[in-house]
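Q: I have a protein model to read and would like to know what each feature rests on. Where do I begin?

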Amino acid sequence: MSVGRNEPCPCGSGQKYKRCCDGKESRQRTMVSKGLIAVVILLVGFAAVGVFMSMRSDGPATPASTRRVWSEEHGHFHDVG
């Protein structure tokens, strides 16, 4: 038995079928798809940040005894040995 779009919904909500349960499955699949896409975008974003941070380097590591001082003229730190 099929329910007409303008008949009361068989779930008992009191709404018309077209406003209640008609297409509910496809709406749920759409929401799941959108959620998965959002997760994939977040994972790709985190991976991109990780790659960027690993590529960024301040040069070779300096020994702990080396001090660094700020140079106003050059706008960066200099090692003082």
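A: Begin with the contact, which means heavy atoms within 4.5 Å. Among contacts in this protein between residues at least 6 apart in sequence, 0% join residues at least 24 apart. The model is predicted: local features need pLDDT of at least 70, side-chain atom pairs count only at pLDDT 80 or more, and totals for chains, interfaces and linings use all residues. Residues are numbered from 1 along each chain as its sequence is written, and side-chain values use heavy atoms, with hydrogens and water left out.

Q: Which elements does the protein hold, and in what order do they run from the N terminus?

A: Helices (H or I, at least four residues) and strands (E, at least two) are DSSP runs, numbered from the N terminus. Here there are one helix and two strands, in the order α-β-β. Helix α1 covers residues 24-55. Strand β1 spans residues 67-71 and strand β2 residues 76-80.

Q: How do β1 and β2 run, and how many bridges join them?

A: Two strands pair if DSSP finds at least two bridges between them. β1 and β2 run antiparallel and are joined by five bridges. One of the pairings sets R67 against V80 in β2; R68, in turn, stands opposite D79. The two strands make a hairpin with four residues between them, and G75 in the turn has a positive phi of about 75°.

Q: What percentage of the residues count as buried?

A: A residue is buried under 20% relative accessible area, exposed over 50%, and partly exposed in between (1.4 Å probe, protein chains only). Of the 81 residues, 4% count as buried. For the total surface, accessible areas come from the Shrake-Rupley method with a 1.4 Å probe; for residues, only the protein chains shown count as cover. The protein exposes about 7300 Å², and carbon and sulfur atoms supply 61% of that area.

Q: Is S71 buried or exposed?

A: S71 counts as buried because its relative accessibility is 13%. The residue lies in strand β1. Leaving aside neighbours within four places in sequence, S71 is in contact with H76 and H78.

Q: How many salt bridges does the structure hold?

A: A salt bridge is a side-chain nitrogen of Lys or Arg within 4 Å of a carboxyl oxygen of Asp or Glu. The structure holds three. One of them joins R68 and D79, at 3.0 Å from N to O. Since R68 lies in β1 and D79 in β2, this pair ties together parts that are eleven residues apart in sequence. D79 is partly exposed, because its relative accessible area is 44%.

Q: Which residue forms a salt bridge with E25?

A: The partner is R29, and the closest N and O atoms are 3.7 Å apart.

Q: What does R5 meet in the segment before α1?

A: The side chains of R5 and D22 meet in a salt bridge of 2.7 Å, N to O. Both residues lie in the segment before α1, so the pair ties together parts that are 17 residues apart in sequence. R5 counts as partly exposed because its relative accessible area is 49%; D22 is also partly exposed, at 25%. Leaving aside neighbours within four places in sequence, R5 is in contact with K16, Y17, K18 and D22. The C-alpha atoms of R5 and K18 are separated by 4.8 Å, although the two residues are 13 apart along the chain.

Q: Which residues form a nonpolar patch on the surface?

A: Patches are made of residues with over 30% relative accessible area and no salt bridge: like charges are joined within 9 Å, nonpolar side chains (Val, Leu, Ile, Met, Phe, Trp, Tyr) within 5 Å. Here V49, F52 and M53 form a nonpolar patch, with about 310 Å² of accessible area together. F52 lies in helix α1 and counts as exposed because its relative accessibility is 52%.
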